[in-house]
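Please keep the sequence and the structure in view while reading.

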Amino acid sequence: KSKVFKKSVLELSDEVSPSAYKYIVFRNGLYTYRDRPQIVSDNLKEAYPVWNLDIRREMNLPTPAPDRINKYVKFKSEIDKFYSRFLNTPSFKELFPPIENGFARVPEKTIGNVSDSSNSLIFGGGKPGVVPHLGLQNYGPNSFDNAAPIEFFYIFHSADKDAVLKVHDFFKGDEIGFSGLSSFIKAPYHANKNLKIEFVNKDKPWPEIYSALNDLDLKDGVKYVAIYLSPVSKDNANQFQKETYFKLKEALLKKEIVSQVISADKVRKSKTFQFSAMNIATALVAKLDGIPWKLNTAPKKELIVGVGAFSNPETKVRYIASAFSFTNTGKFNRFDHFYANQTRELAGSILATVKEYTSLDPSLSRLIIHFYKTMSREELEPIERGLISLDVNIPVFIVTVNKTESTDIVAFDTDCDSLMPDSGKFINLGRNKYLLFNNSKYKGKYYSGSDGWPFPIKIQIYCSDYDLAQDFTIRKELIEQVYQFSRMYWKSVRQQNLPVTLKYSQMVAEMLPYFSGNSIPDFGKDKLWFL
(Lines give C-alpha, C1' and ligand atoms only; values in the text may rest on other atoms or scores of the structure.)
Protein backbone atom coordinates (compact mmCIF):
# COMPACT_ATOMS: atom_id res chain seq x y z
CA LYS A 1 0.00 0.00 0.00
CA SER A 2 1.25 3.47 -0.86
CA LYS A 3 0.23 6.83 0.54
CA VAL A 4 -0.90 9.61 -1.80
CA PHE A 5 -1.02 13.26 -0.78
CA LYS A 6 -4.36 15.04 -0.84
CA LYS A 7 -2.55 18.20 -1.95
CA SER A 8 -1.45 18.46 -5.56
CA VAL A 9 2.07 18.99 -6.90
CA LEU A 10 1.27 22.69 -7.33
CA GLU A 11 -0.03 23.05 -3.77
CA LEU A 12 3.15 21.46 -2.36
CA SER A 13 5.54 23.48 -4.52
CA ASP A 14 6.61 25.75 -1.63
CA GLU A 15 7.55 22.79 0.57
CA VAL A 16 8.83 20.15 -1.86
CA SER A 17 11.30 20.45 -4.73
CA PRO A 18 10.33 18.72 -8.01
CA SER A 19 13.38 16.43 -7.74
CA ALA A 20 11.77 14.70 -4.74
CA TYR A 21 8.81 13.38 -6.72
CA LYS A 22 9.00 9.82 -8.04
CA TYR A 23 5.39 8.86 -8.79
CA ILE A 24 2.21 10.89 -9.15
CA VAL A 25 -1.48 9.98 -9.41
CA PHE A 26 -3.48 11.75 -12.13
CA ARG A 27 -7.16 10.94 -12.77
CA ASN A 28 -6.78 7.45 -11.28
CA GLY A 29 -3.67 6.71 -13.35
CA LEU A 30 -0.15 6.22 -11.95
CA TYR A 31 2.77 7.95 -13.70
CA THR A 32 6.43 8.61 -13.01
CA TYR A 33 6.93 12.34 -12.51
CA ARG A 34 9.92 12.46 -14.84
CA ASP A 35 8.15 10.72 -17.75
CA ARG A 36 4.67 12.18 -17.25
CA PRO A 37 2.63 12.76 -20.42
CA GLN A 38 1.79 16.26 -21.63
CA ILE A 39 -1.80 16.08 -20.36
CA VAL A 40 -0.45 15.70 -16.80
CA SER A 41 1.91 18.67 -17.20
CA ASP A 42 -1.02 20.74 -18.43
CA ASN A 43 -3.08 19.86 -15.33
CA LEU A 44 -0.63 19.71 -12.40
CA LYS A 45 -3.34 20.90 -10.04
CA GLU A 46 -4.84 17.40 -10.49
CA ALA A 47 -1.51 15.56 -10.06
CA TYR A 48 -0.99 14.18 -6.54
CA PRO A 49 2.45 12.93 -5.45
CA VAL A 50 2.96 9.47 -3.98
CA TRP A 51 4.68 9.58 -0.58
CA ASN A 52 8.40 8.69 -0.49
CA LEU A 53 11.41 9.20 1.79
CA ASP A 54 12.70 12.25 -0.12
CA ILE A 55 9.37 14.06 0.32
CA ARG A 56 9.32 13.09 4.00
CA ARG A 57 12.77 14.62 4.53
CA GLU A 58 11.94 17.86 2.71
CA MET A 59 8.70 18.29 4.68
CA ASN A 60 10.33 17.22 7.97
CA LEU A 61 7.59 14.66 8.53
CA PRO A 62 8.02 12.31 11.52
CA THR A 63 9.15 8.73 11.01
CA PRO A 64 6.04 6.54 11.10
CA ALA A 65 5.89 4.18 14.05
CA PRO A 66 6.41 0.53 13.14
CA ASP A 67 3.29 -1.55 12.75
CA ARG A 68 3.03 -3.70 15.90
CA ILE A 69 -0.17 -5.43 14.88
CA ASN A 70 -0.20 -9.23 14.95
CA LYS A 71 0.45 -10.12 11.31
CA TYR A 72 -0.85 -13.67 11.75
CA VAL A 73 -4.30 -12.49 12.85
CA LYS A 74 -4.41 -9.83 10.13
CA PHE A 75 -3.20 -12.19 7.40
CA LYS A 76 -5.63 -14.95 8.31
CA SER A 77 -8.50 -12.49 8.40
CA GLU A 78 -7.71 -11.37 4.85
CA ILE A 79 -7.47 -14.98 3.66
CA ASP A 80 -10.81 -15.78 5.32
CA LYS A 81 -12.43 -12.87 3.49
CA PHE A 82 -10.97 -13.96 0.17
CA TYR A 83 -12.09 -17.55 0.73
CA SER A 84 -15.65 -16.55 1.66
CA ARG A 85 -16.06 -14.18 -1.26
CA PHE A 86 -14.43 -16.09 -4.10
CA LEU A 87 -13.82 -19.75 -3.21
CA ASN A 88 -16.64 -20.81 -0.92
CA THR A 89 -19.22 -20.38 -3.69
CA PRO A 90 -21.35 -22.88 -5.67
CA SER A 91 -19.76 -21.92 -9.00
CA PHE A 92 -16.19 -22.44 -7.69
CA LYS A 93 -17.07 -25.71 -5.96
CA GLU A 94 -18.36 -27.04 -9.28
CA LEU A 95 -14.84 -26.71 -10.67
CA PHE A 96 -12.74 -27.68 -7.66
CA PRO A 97 -13.34 -29.78 -4.56
CA PRO A 98 -13.80 -27.49 -1.55
CA ILE A 99 -11.09 -27.08 1.11
CA GLU A 100 -12.48 -27.02 4.63
CA ASN A 101 -12.38 -23.43 5.92
CA GLY A 102 -10.01 -22.52 3.10
CA PHE A 103 -6.99 -24.08 4.78
CA ALA A 104 -5.15 -27.37 4.45
CA ARG A 105 -4.29 -29.03 7.75
CA VAL A 106 -0.57 -29.67 8.04
CA PRO A 107 0.05 -33.43 8.43
CA GLU A 108 1.49 -34.15 11.87
CA LYS A 109 4.31 -36.23 10.39
CA THR A 110 5.70 -33.18 8.55
CA ILE A 111 5.98 -31.02 11.70
CA GLY A 112 9.19 -30.95 13.70
CA ASN A 113 10.81 -28.95 16.49
CA VAL A 114 14.37 -27.91 17.15
CA SER A 115 15.82 -29.45 20.30
CA ASP A 116 15.33 -27.65 23.63
CA SER A 117 19.08 -26.98 23.80
CA SER A 118 18.81 -24.82 20.64
CA ASN A 119 17.28 -22.07 22.78
CA SER A 120 20.01 -22.25 25.39
CA LEU A 121 22.65 -19.49 25.50
CA ILE A 122 25.71 -19.22 27.74
CA PHE A 123 26.37 -15.94 29.61
CA GLY A 124 28.93 -14.82 32.18
CA GLY A 125 30.31 -17.46 34.52
CA GLY A 126 29.13 -20.17 32.15
CA LYS A 127 25.52 -19.59 33.25
CA PRO A 128 22.80 -20.72 30.80
CA GLY A 129 19.74 -18.70 29.82
CA VAL A 130 17.12 -18.41 27.11
CA VAL A 131 16.31 -14.69 26.95
CA PRO A 132 19.33 -12.45 26.14
CA HIS A 133 18.38 -9.38 28.19
CA LEU A 134 17.62 -11.49 31.28
CA GLY A 135 20.88 -13.42 30.91
CA LEU A 136 22.88 -10.19 30.59
CA GLN A 137 21.12 -8.59 33.57
CA ASN A 138 21.69 -11.64 35.79
CA TYR A 139 25.10 -12.87 34.70
CA GLY A 140 26.72 -10.30 32.42
CA PRO A 141 28.41 -11.04 29.07
CA ASN A 142 30.00 -14.41 28.37
CA SER A 143 33.54 -13.05 28.11
CA PHE A 144 35.45 -9.82 27.60
CA ASP A 145 39.14 -9.16 27.03
CA ASN A 146 39.88 -6.17 29.26
CA ALA A 147 43.68 -6.39 29.10
CA ALA A 148 44.00 -3.04 27.28
CA PRO A 149 42.63 0.14 28.89
CA ILE A 150 39.47 1.52 27.25
CA GLU A 151 38.66 5.20 26.79
CA PHE A 152 35.43 6.69 25.45
CA PHE A 153 34.97 10.10 23.85
CA TYR A 154 31.93 11.93 22.47
CA ILE A 155 31.28 13.59 19.10
CA PHE A 156 28.23 15.86 19.18
CA HIS A 157 26.49 19.02 17.96
CA SER A 158 26.73 22.03 20.28
CA ALA A 159 22.95 21.97 20.87
CA ASP A 160 23.02 18.32 22.06
CA LYS A 161 25.02 18.63 25.28
CA ASP A 162 21.98 17.58 27.32
CA ALA A 163 21.73 14.32 25.32
CA VAL A 164 25.45 13.68 25.87
CA LEU A 165 25.02 14.11 29.63
CA LYS A 166 22.04 11.72 29.67
CA VAL A 167 23.97 9.01 27.80
CA HIS A 168 27.01 9.62 30.02
CA ASP A 169 24.90 9.18 33.17
CA PHE A 170 23.45 5.93 31.86
CA PHE A 171 26.89 4.61 30.98
CA LYS A 172 28.11 5.52 34.49
CA GLY A 173 25.21 3.56 35.97
CA ASP A 174 23.64 6.64 37.58
CA GLU A 175 20.23 6.14 35.94
CA ILE A 176 17.48 3.72 36.96
CA GLY A 177 17.13 0.55 34.91
CA PHE A 178 20.71 0.16 33.68
CA SER A 179 23.69 -0.93 35.77
CA GLY A 180 26.26 0.93 33.66
CA LEU A 181 28.86 -0.06 31.08
CA SER A 182 31.44 -1.18 33.63
CA SER A 183 29.49 -4.37 34.32
CA PHE A 184 29.69 -5.22 30.61
CA ILE A 185 33.28 -4.28 29.72
CA LYS A 186 34.66 -5.51 33.07
CA ALA A 187 36.62 -2.28 33.44
CA PRO A 188 35.88 1.27 34.56
CA TYR A 189 33.87 3.34 32.12
CA HIS A 190 35.97 6.44 31.45
CA ALA A 191 35.04 9.30 29.09
CA ASN A 192 38.09 11.34 28.05
CA LYS A 193 36.90 14.97 28.04
CA ASN A 194 40.07 16.11 26.27
CA LEU A 195 39.13 14.10 23.17
CA LYS A 196 35.56 15.33 22.76
CA ILE A 197 34.59 16.76 19.35
CA GLU A 198 31.92 19.46 19.34
CA PHE A 199 30.70 20.78 15.98
CA VAL A 200 28.45 23.72 15.04
CA ASN A 201 27.19 23.11 11.48
CA LYS A 202 24.28 20.71 11.85
CA ASP A 203 23.55 20.27 8.13
CA LYS A 204 27.15 19.75 6.94
CA PRO A 205 29.14 18.65 10.00
CA TRP A 206 31.80 16.53 8.26
CA PRO A 207 34.46 19.25 7.61
CA GLU A 208 34.50 20.19 11.31
CA ILE A 209 34.55 16.58 12.47
CA TYR A 210 37.25 15.56 9.97
CA SER A 211 39.53 18.39 11.05
CA ALA A 212 39.07 17.53 14.74
CA LEU A 213 39.70 13.80 14.10
CA ASN A 214 43.07 14.57 12.53
CA ASP A 215 44.05 16.55 15.64
CA LEU A 216 43.22 13.78 18.13
CA ASP A 217 46.05 12.96 20.50
CA LEU A 218 45.77 9.17 20.86
CA LYS A 219 47.92 6.98 23.11
CA ASP A 220 49.41 3.65 22.10
CA GLY A 221 48.00 0.54 23.72
CA VAL A 222 44.59 2.10 24.43
CA LYS A 223 41.30 0.94 22.92
CA TYR A 224 39.22 3.97 21.95
CA VAL A 225 35.45 4.08 21.49
CA ALA A 226 33.79 7.07 19.83
CA ILE A 227 30.16 7.82 20.75
CA TYR A 228 28.57 9.92 18.00
CA LEU A 229 25.40 11.73 19.07
CA SER A 230 23.87 12.35 15.66
CA PRO A 231 21.80 15.56 15.48
CA VAL A 232 19.39 13.78 13.12
CA SER A 233 18.09 10.24 12.99
CA LYS A 234 19.33 8.01 10.18
CA ASP A 235 15.80 7.84 8.70
CA ASN A 236 15.43 11.62 8.48
CA ALA A 237 19.00 12.49 7.43
CA ASN A 238 19.62 14.39 4.20
CA GLN A 239 22.37 13.24 1.84
CA PHE A 240 25.12 15.31 3.54
CA GLN A 241 24.15 14.07 7.00
CA LYS A 242 23.92 10.47 5.80
CA GLU A 243 27.37 10.72 4.20
CA THR A 244 28.73 12.04 7.51
CA TYR A 245 27.58 8.85 9.24
CA PHE A 246 29.50 6.60 6.83
CA LYS A 247 32.54 8.88 6.45
CA LEU A 248 32.87 8.98 10.22
CA LYS A 249 32.65 5.19 10.49
CA GLU A 250 35.36 4.79 7.85
CA ALA A 251 37.66 7.50 9.23
CA LEU A 252 37.48 6.03 12.74
CA LEU A 253 38.20 2.51 11.46
CA LYS A 254 41.33 3.85 9.73
CA LYS A 255 42.40 5.14 13.16
CA GLU A 256 41.50 1.72 14.65
CA ILE A 257 38.65 3.21 16.65
CA VAL A 258 35.27 1.52 16.96
CA SER A 259 32.20 3.73 17.20
CA GLN A 260 28.58 3.81 18.27
CA VAL A 261 26.03 6.15 16.70
CA ILE A 262 23.06 7.30 18.80
CA SER A 263 20.30 9.69 17.74
CA ALA A 264 20.39 12.70 20.09
CA ASP A 265 16.69 13.33 19.55
CA LYS A 266 15.78 9.76 20.53
CA VAL A 267 17.89 10.07 23.67
CA ARG A 268 16.07 13.25 24.60
CA LYS A 269 12.56 11.96 23.96
CA SER A 270 12.90 8.37 25.13
CA LYS A 271 11.34 7.52 28.47
CA THR A 272 12.75 3.99 28.31
CA PHE A 273 16.35 4.65 27.31
CA GLN A 274 17.48 1.90 29.68
CA PHE A 275 16.41 -0.63 27.05
CA SER A 276 18.39 1.19 24.36
CA ALA A 277 21.35 1.34 26.74
CA MET A 278 21.21 -2.46 27.08
CA ASN A 279 21.28 -2.85 23.28
CA ILE A 280 24.15 -0.37 22.97
CA ALA A 281 26.14 -2.14 25.68
CA THR A 282 25.63 -5.48 23.93
CA ALA A 283 26.87 -4.07 20.62
CA LEU A 284 29.88 -2.39 22.30
CA VAL A 285 30.96 -5.65 23.92
CA ALA A 286 30.95 -7.29 20.49
CA LYS A 287 32.74 -4.35 18.84
CA LEU A 288 35.49 -4.56 21.46
CA ASP A 289 36.07 -8.27 20.65
CA GLY A 290 34.02 -9.53 23.59
CA ILE A 291 31.29 -12.18 23.48
CA PRO A 292 27.90 -11.10 24.89
CA TRP A 293 26.64 -14.70 24.82
CA LYS A 294 27.43 -17.87 22.94
CA LEU A 295 25.57 -20.97 21.85
CA ASN A 296 25.23 -23.82 24.31
CA THR A 297 26.57 -26.39 21.88
CA ALA A 298 29.65 -28.59 21.75
CA PRO A 299 32.36 -27.38 19.33
CA LYS A 300 32.54 -29.31 16.06
CA LYS A 301 35.18 -29.53 13.37
CA GLU A 302 33.16 -27.53 10.86
CA LEU A 303 33.19 -24.10 9.29
CA ILE A 304 30.08 -22.00 8.62
CA VAL A 305 30.21 -19.25 6.01
CA GLY A 306 27.39 -16.80 5.38
CA VAL A 307 26.96 -14.98 2.07
CA GLY A 308 24.44 -12.14 1.88
CA ALA A 309 23.64 -9.29 -0.50
CA PHE A 310 22.00 -5.89 -0.63
CA SER A 311 20.73 -3.82 -3.54
CA ASN A 312 21.34 -0.12 -2.91
CA PRO A 313 18.79 2.08 -4.72
CA GLU A 314 20.53 5.37 -3.83
CA THR A 315 24.05 4.56 -5.00
CA LYS A 316 22.77 2.52 -7.98
CA VAL A 317 25.14 -0.32 -7.04
CA ARG A 318 23.23 -3.39 -8.12
CA TYR A 319 24.46 -5.92 -5.59
CA ILE A 320 27.34 -6.26 -3.22
CA ALA A 321 27.85 -9.59 -1.49
CA SER A 322 29.86 -10.32 1.62
CA ALA A 323 31.09 -13.53 3.21
CA PHE A 324 31.23 -14.11 6.97
CA SER A 325 32.86 -17.10 8.65
CA PHE A 326 31.92 -18.57 12.01
CA THR A 327 32.58 -21.66 14.08
CA ASN A 328 29.58 -23.81 14.98
CA THR A 329 29.47 -22.21 18.45
CA GLY A 330 28.78 -18.84 16.82
CA LYS A 331 32.30 -17.42 17.26
CA PHE A 332 32.93 -14.83 14.54
CA ASN A 333 36.17 -15.16 12.57
CA ARG A 334 36.31 -12.51 9.85
CA PHE A 335 34.55 -11.29 6.71
CA ASP A 336 35.26 -10.13 3.19
CA HIS A 337 33.15 -8.40 0.55
CA PHE A 338 32.57 -8.54 -3.19
CA TYR A 339 30.34 -7.43 -6.02
CA ALA A 340 27.67 -10.05 -6.65
CA ASN A 341 29.13 -11.03 -10.03
CA GLN A 342 32.57 -11.74 -8.53
CA THR A 343 31.95 -15.48 -8.33
CA ARG A 344 35.60 -16.52 -8.41
CA GLU A 345 36.64 -13.94 -5.84
CA LEU A 346 33.88 -15.08 -3.50
CA ALA A 347 34.95 -18.72 -3.92
CA GLY A 348 38.57 -17.70 -3.34
CA SER A 349 37.65 -16.00 -0.05
CA ILE A 350 35.77 -19.07 1.18
CA LEU A 351 38.68 -21.34 0.19
CA ALA A 352 41.18 -19.04 1.92
CA THR A 353 39.14 -19.41 5.12
CA VAL A 354 39.14 -23.20 4.72
CA LYS A 355 42.91 -23.19 4.12
CA GLU A 356 43.51 -21.05 7.22
CA TYR A 357 41.35 -23.38 9.31
CA THR A 358 42.94 -26.61 8.05
CA SER A 359 46.47 -25.24 8.48
CA LEU A 360 45.76 -25.10 12.22
CA ASP A 361 43.45 -28.14 12.39
CA PRO A 362 43.43 -30.55 9.40
CA SER A 363 40.47 -32.51 10.80
CA LEU A 364 37.81 -30.17 9.33
CA SER A 365 34.76 -32.39 8.72
CA ARG A 366 32.45 -30.24 6.61
CA LEU A 367 31.88 -26.82 5.09
CA ILE A 368 28.43 -25.23 5.53
CA ILE A 369 27.44 -22.22 3.44
CA HIS A 370 24.38 -20.13 4.32
CA PHE A 371 23.46 -18.48 1.02
CA TYR A 372 20.96 -15.69 0.39
CA LYS A 373 19.58 -17.37 -2.74
CA THR A 374 19.76 -20.72 -4.50
CA MET A 375 23.44 -21.23 -5.29
CA SER A 376 24.12 -21.83 -8.99
CA ARG A 377 26.59 -24.36 -10.42
CA GLU A 378 28.68 -21.41 -11.58
CA GLU A 379 29.02 -20.27 -7.96
CA LEU A 380 29.53 -23.73 -6.46
CA GLU A 381 32.00 -25.30 -8.93
CA PRO A 382 34.99 -23.02 -8.08
CA ILE A 383 34.55 -23.95 -4.40
CA GLU A 384 34.42 -27.69 -5.11
CA ARG A 385 37.44 -27.51 -7.44
CA GLY A 386 39.33 -25.43 -4.90
CA LEU A 387 38.74 -27.96 -2.12
CA ILE A 388 40.16 -30.68 -4.38
CA SER A 389 43.25 -28.55 -5.09
CA LEU A 390 43.68 -28.00 -1.33
CA ASP A 391 43.40 -31.78 -0.86
CA VAL A 392 40.48 -31.20 1.52
CA ASN A 393 37.97 -33.99 0.99
CA ILE A 394 34.91 -32.75 2.85
CA PRO A 395 31.21 -32.44 1.98
CA VAL A 396 29.88 -28.99 1.15
CA PHE A 397 26.39 -28.18 2.46
CA ILE A 398 24.50 -25.28 0.89
CA VAL A 399 21.68 -23.98 3.08
CA THR A 400 19.58 -21.47 1.17
CA VAL A 401 17.82 -19.08 3.54
CA ASN A 402 15.28 -16.71 2.03
CA LYS A 403 16.19 -13.29 3.39
CA THR A 404 12.59 -12.11 2.94
CA GLU A 405 9.97 -13.59 5.21
CA SER A 406 7.70 -16.19 3.67
CA THR A 407 4.28 -14.84 2.75
CA ASP A 408 3.41 -17.17 -0.13
CA ILE A 409 3.10 -20.08 2.29
CA VAL A 410 2.27 -19.49 5.95
CA ALA A 411 1.08 -21.74 8.77
CA PHE A 412 -1.22 -20.83 11.67
CA ASP A 413 -1.43 -22.40 15.11
CA THR A 414 -5.18 -22.50 15.67
CA ASP A 415 -4.75 -23.72 19.25
CA CYS A 416 -3.70 -20.25 20.45
CA ASP A 417 -5.26 -16.82 20.02
CA SER A 418 -2.12 -15.27 18.50
CA LEU A 419 -2.10 -17.93 15.73
CA MET A 420 1.72 -17.74 15.67
CA PRO A 421 3.44 -21.16 15.96
CA ASP A 422 6.08 -21.61 18.66
CA SER A 423 9.64 -20.57 17.95
CA GLY A 424 11.73 -23.45 16.67
CA LYS A 425 8.86 -25.29 14.99
CA PHE A 426 9.52 -26.29 11.39
CA ILE A 427 7.44 -27.85 8.61
CA ASN A 428 8.74 -30.14 5.88
CA LEU A 429 7.53 -28.79 2.52
CA GLY A 430 9.15 -31.61 0.54
CA ARG A 431 12.28 -31.75 -1.64
CA ASN A 432 14.54 -30.70 1.23
CA LYS A 433 12.59 -27.46 1.73
CA TYR A 434 11.40 -26.32 5.15
CA LEU A 435 9.43 -23.54 6.79
CA LEU A 436 11.12 -22.40 10.05
CA PHE A 437 9.54 -20.18 12.70
CA ASN A 438 11.85 -17.78 14.57
CA ASN A 439 10.20 -15.62 17.22
CA SER A 440 9.98 -14.93 20.97
CA LYS A 441 7.30 -17.49 21.74
CA TYR A 442 9.06 -20.39 23.44
CA LYS A 443 6.84 -23.36 24.30
CA GLY A 444 3.73 -21.22 24.19
CA LYS A 445 5.14 -18.50 26.46
CA TYR A 446 5.91 -15.00 25.20
CA TYR A 447 9.06 -13.43 26.57
CA SER A 448 8.66 -10.20 24.66
CA GLY A 449 5.56 -9.31 22.68
CA SER A 450 7.36 -6.15 21.51
CA ASP A 451 9.59 -8.35 19.33
CA GLY A 452 6.75 -8.46 16.83
CA TRP A 453 5.12 -11.30 14.94
CA PRO A 454 7.62 -12.45 12.32
CA PHE A 455 6.49 -14.80 9.60
CA PRO A 456 8.57 -17.94 9.01
CA ILE A 457 11.62 -18.14 6.78
CA LYS A 458 12.14 -20.73 4.05
CA ILE A 459 15.16 -23.05 4.04
CA GLN A 460 16.42 -25.37 1.34
CA ILE A 461 19.27 -27.85 1.87
CA TYR A 462 21.72 -29.16 -0.72
CA CYS A 463 24.88 -31.24 -0.28
CA SER A 464 27.71 -32.15 -2.65
CA ASP A 465 27.20 -35.70 -1.32
CA TYR A 466 23.62 -36.61 -2.29
CA ASP A 467 23.24 -39.32 0.38
CA LEU A 468 24.17 -36.95 3.21
CA ALA A 469 21.49 -34.51 2.08
CA GLN A 470 18.89 -37.26 2.50
CA ASP A 471 19.91 -38.00 6.10
CA PHE A 472 17.16 -36.54 8.32
CA THR A 473 19.49 -36.28 11.34
CA ILE A 474 21.88 -34.10 9.34
CA ARG A 475 19.05 -32.00 7.89
CA LYS A 476 17.70 -31.35 11.36
CA GLU A 477 21.19 -30.34 12.56
CA LEU A 478 21.41 -27.79 9.75
CA ILE A 479 17.93 -26.41 10.48
CA GLU A 480 18.82 -26.09 14.17
CA GLN A 481 22.04 -24.33 13.22
CA VAL A 482 20.14 -21.71 11.20
CA TYR A 483 17.81 -21.28 14.17
CA GLN A 484 20.68 -20.97 16.66
CA PHE A 485 22.52 -18.42 14.53
CA SER A 486 19.39 -16.27 14.51
CA ARG A 487 19.91 -16.00 18.28
CA MET A 488 23.48 -14.68 17.93
CA TYR A 489 22.53 -11.15 16.83
CA TRP A 490 24.51 -8.74 19.00
CA LYS A 491 23.17 -5.40 17.77
CA SER A 492 20.32 -5.77 20.24
CA VAL A 493 18.91 -8.28 22.72
CA ARG A 494 15.88 -9.02 20.53
CA GLN A 495 15.31 -12.36 18.83
CA GLN A 496 15.93 -12.12 15.09
CA ASN A 497 14.19 -13.80 12.20
CA LEU A 498 17.32 -14.35 10.07
CA PRO A 499 20.62 -15.99 11.09
CA VAL A 500 23.55 -13.61 11.64
CA THR A 501 25.40 -15.37 8.84
CA LEU A 502 23.07 -13.49 6.48
CA LYS A 503 22.02 -10.59 8.71
CA TYR A 504 25.59 -9.38 9.25
CA SER A 505 26.45 -9.87 5.58
CA GLN A 506 23.51 -7.73 4.55
CA MET A 507 24.43 -4.98 7.01
CA VAL A 508 27.97 -4.70 5.64
CA ALA A 509 26.77 -4.83 2.04
CA GLU A 510 24.39 -1.95 2.82
CA MET A 511 27.21 0.25 4.15
CA LEU A 512 29.94 -0.70 1.69
CA PRO A 513 28.92 1.56 -1.25
CA TYR A 514 29.51 4.62 0.92
CA PHE A 515 33.11 3.68 1.76
CA SER A 516 35.92 5.04 -0.43
CA GLY A 517 36.82 2.48 -3.08
CA ASN A 518 33.97 0.26 -1.83
CA SER A 519 36.48 -1.22 0.58
CA ILE A 520 36.60 -1.78 4.34
CA PRO A 521 39.83 -0.84 6.19
CA ASP A 522 41.78 -3.95 7.24
CA PHE A 523 41.25 -3.14 10.94
CA GLY A 524 37.53 -3.75 10.47
CA LYS A 525 37.72 -7.12 8.71
CA ASP A 526 37.77 -9.17 11.89
CA LYS A 527 35.60 -6.90 14.03
CA LEU A 528 31.86 -6.36 14.30
CA TRP A 529 32.21 -2.57 13.95
CA PHE A 530 28.97 -2.27 11.91
CA LEU A 531 26.60 -3.29 14.73
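How many nonpolar, polar and charged residues are in the lining of the largest cavity?

## Basis of the report

The model is predicted: local features need pLDDT of at least 70, side-chain atom pairs count only at pLDDT 80 or more, and totals for chains, interfaces and linings use all residues. Residues are numbered from 1 along each chain as its sequence is written, and side-chain values use heavy atoms, with hydrogens and water left out.

## The cavity

By class, the lining of the largest cavity comprises 7 nonpolar, 2 polar and 2 charged residues. Here Ala, Val, Leu, Ile, Met, Phe, Trp, Tyr, Cys and Pro count as nonpolar, Asp, Glu, Lys and Arg as charged, and the others, Gly among them, as polar. Among the lining residues are Val307, Tyr339, Thr343, Phe371, Lys373 and Glu379.

The structure holds 1 cavity of 30 Å³ or more, and the largest cavity contains about 60 Å³ of space. On a 1 Å grid over the protein atoms alone, a cavity is a set of points where a 1.4 Å probe fits but cannot get out, while a pocket is an open set with protein on both sides within 12 Å along at least five of seven lines; lining residues have an atom within 4 Å of a point. Grid points are joined across faces, edges and corners, and a volume is the space filled by probe spheres set on the points.

## The second largest pocket

The volume of the second largest pocket is about 960 Å³. Its lining consists of 28 residues, of which Ala104, Arg105, Val106, Ala411 and Phe412 lie nearest the centre. By class, 14 are nonpolar, 4 polar and 10 charged.

Helix H3 (71-87) and strand S17 (425-430) each supply at least two residues of this lining; H3 gives the most, with 4 residues. Helices (H or I, at least four residues) and strands (E, at least two) are DSSP runs, numbered from the N terminus.

## An open sheet

Three strands form an open sheet in the order S2-S1-S3, with antiparallel pairing; two strands pair if DSSP finds at least two bridges between them. Strands S2 (29-32) and S3 (47-49) stand at the edges with a single partner strand each, so one side of each is left without a neighbour in the sheet.

Strand S1 (residues 23-26) pairs with S3 in the antiparallel sense over 3 bridges. Within S3, Tyr48 is the bridge partner of Val25.
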